[in-house]
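This report is meant for a reader who is looking at the structure for the first time. Please keep the sequence and the model in view while reading.

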Amino acid sequence: MSAIATQLSPAAALPKWLAPLLLIAFAYVVIPLIGNSYLFEAILLPFLALSLAGVGLNILTGYAGQVSLGSAAFMAAGAFAAYNFNLRIEGLPLVASIILSGLVAAAIGIVFGLPSLRLKGFYLAVSTLAAQFFVQWALTKFSWFSNDSASGVIDAPKLSIAGFEFDGAVGRYLFALTVVVVLTFLAHRLVTSQTGRNFIAIRDNDTAARIIGIPVLKTKLLAFAISSFIIGVAGVIWAFAYLRTVEPAGFDLDRSFQILFIIIIGGLASIRGAFLGAALIVVFPLALSRLGNFLLGDVFDSGVLDMSQRIVLGALIILFLILEPDGLVALWDRIWRRLSLAWQSS
Amino acid sequence: MTFLSTVKAVAISAALAVSVALPAAHADEQYFPLQSYRVGPYAAGGTGFFGGFIDYLNLINIRDGGVNGVKLTWDECETQYEVERGVECYERQKSHAGAAAWNPLSVGIAYAMIDRITADKVPLITVNHGRTDSTDGRVFPYVFPLLLNPYSETSGIVNYIAAKEGGIDKLKGKKIVVLYHGSPYGKETIPIYELLAQKYGFTVQQIEVPHPGNEQQSQWLTIRRAKPDFVVLRGWGVMNPVALKTAVKVGYPVDHIIGNVWSNSEEDVIPAGDAAKGYTAITTQASGNTYPVVQEIVKTVYGAGKGNLEDKSRIGSVYHNLGIVNGILNVEAIRIAQEKFGHRTLTGDEVRWGFEHLKLDPAKVEALGAKDLFHSINVSWDNHEGEGYVTFQQWDGKKWNVVSDWIAPDWALLRPIIEKSAEAYAAEKGIKPRTAADAEAVAATN
């Protein structure tokens, strides 16, 4: 990808949409040709699912300023809703069940977004924890959600749209990629629209926003709904395209924190930030673990290695946030500016 | 033949020649991908089990020079018992040539792997746990819940309680509480307890303990109110000692708590201290280090400084012995398959054939140095559990003492339920159940 970036260096002259378009073309054409199953199954699929969840949470937290710790719950709601729509409504196309599952997640998001009308900041974060625990509890408690399967684990159905089956790692990757591209594009349109500006106004000062005539209540709930919709669909990708099995325990509080870290590290109020953050969160631990195994695998057992990787990872994240509090996006932009300056002056 | 197709044919045959030649270059190695866990809340189980497994593989390598000259290799990938880490490890390790079988020791990870290993044609071993209906080899050709599936375990426990009460008819009107771990593993037996309760006329109340289970005050207060005759502890990891301690706190008699096969280790009772005295648990493999095979591991493997357990006092503990038994089952399956396919690196499908012919009677088990360590196993193409026997052991504060004979679960009762569930799975997934002839056909390459 850096190769593409350098080719495009005289950025000023090029239209803004060119870089994302080239990136998408690269993702559709080149990656399926060169990737192996490890790249798709272990890196790109979780990366896509978590990126999309990051985009969703960024709309709520980055743009509209409402902190949420319930992201994993909305992912779970989306995944289980899609499973049940697919199972219980004969002949429902996959696209329809994905949209419906997003709507279910959105509805749950609105319900748990209601406290945001009175609560702010940390207090709101604590109240969204309720969503986290309630959804997980409900999915475990009522076995109807998992079709009374003995262990509460459900198998994802085959991915097929209009008779075309997205089988195998590449197929599932292309499926996930398409969903992510479409929803990211819509999210991008949203945040640059009047609604997006309303979100930012509320984040920056909701009293002022009210005075200039923005319907605060409606806008906050809208942010919750849209964010939960996107996160719900991310849950569907996580369950159907990536793991291909779902259990409520996979959507625990750790996952919510992970998504929150993705947008903090990637950069708040930025669509690109979600992708950069997800890339770091997914790829970095794997790279570290493989490096550790490669260098020290013969000396220490896997438990010691894993523990030391956690320490290294934690230390690096702290260091990074101190040095670059605005996230990877700010870092990216600065490097980009320097490069184009260097290009122009040469 | 045009020029292009000639080139293509040459290229394909060259590629084939290379792909045939490559495994030949590793002809003397059989690889075990170990998705182990040595950190996290279940590290005690992970280190003991994988320690025992690796110790046995080392024993075969050091003492015998491998299986008929084929050296056993392995590497570990840390999963922390988490599904997505297990999937990542699977993708990482599957590119290694000559994989014999997968042993993730996690129901959640095993579930996520079923489609993948079936496509790759490599066996998935879930010793003493797993998805019950994968016992039906017609529908799950590559999944093996060896020795004891969760339903057989349940049947064994209910039969033991019946024997304690003086016969199966004495169960009528009794009350049993099942305290289970809030995970796919824990929930696996909910329907079978309900069914046995109906059949034998006892009432059952099933209470969930959320993962990881380090707080159980409310569950045990519920149990105290319910006043059950027995509590079955279906725990895992830290949940078990907490359960025993809390039971004592609320005044429930510990000798009326029966542990299941993942609540039966030293690591479950020692942290509970005196609270665990009198606690009984089911097992498929006795604990202790007096068995010849364990002695040989101490002498040969630990003697050479290659032992896997850091704490040598854990040699012969329940998890360590289970790892050893799992090692025996894996190695013997390879040996059986080698007799048919040749003394070389086997493909996953050939090892699958070996598991489907894994028959170790008590005499053979004795020859392997494991008499009384475990009873016997008899796997076939359609029964992937292999009729394992169970026994019960009681903790006296220092060690486990066997308090029952080897007991056979009620397989005839369970088989129709398992078949029905497997057939439903086959219908849902569009799988055509195998026949005995299908099971004999073996893919020559992976």
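## Terms and model

Two residues are said to be in contact if their C-beta atoms, placed from the backbone, lie within 7 Å. The model is predicted, and local features need pLDDT of at least 70, side-chain atom pairs count only at pLDDT 80 or more, and totals for chains, interfaces and linings use all residues. Residues are numbered from 1 along each chain as its sequence is written, while chains are lettered from A and ligands numbered from 1 in the order in which they are written.

## The two domains of chain B

In chain B, the assignment (domain bounds come from an automatic or database domain assignment) gives domain 1 as 27-148 + 288-389 + 417-438 and domain 2 as 151-283. The C-alpha centres of these domains of chain B lie 27 Å apart, and 18 residues of domain 1 of chain B are in contact with 18 residues of domain 2 of chain B. On the domain 1 side, at least two residues each come from α2 (43-64), α4 (107-120), α12 (318-341) and α15 (411-429) of chain B; helices here are DSSP runs of H or I with at least four residues, strands are runs of E with at least two, and both are numbered from the N terminus.

That side of domain 1 of chain B has 10 nonpolar, 7 polar and 1 charged residues, where Ala, Val, Leu, Ile, Met, Phe, Trp, Tyr, Cys and Pro count as nonpolar, Asp, Glu, Lys and Arg as charged, and the others, Gly among them, as polar.

## Where chain B meets chain A

Between the chains, 29 residues of chain B are in contact with 22 residues of chain A. Elements of chain B that give two or more residues to this side include β2 (71-78), α4 and α7 (190-200), and α3(B) gives the most, with 6 residues. By class, the side of chain B that touches chain A has 11 nonpolar, 7 polar and 11 charged residues.

## Chain A and R244(A)

R244(A) is found in the loop between α10 (216-243) and β4 (245-246) of chain A, and R244(A) counts as buried because 22 other C-beta atoms lie within 10 Å. Leaving aside residues up to four places away in sequence, R244(A) touches A156(A), A112(B) and D115(B).

Terms used
A residue is buried if 20 or more other C-beta atoms lie within 10 Å of its own, exposed if 12 or fewer, and partly exposed in between; C-beta atoms are placed from the backbone.
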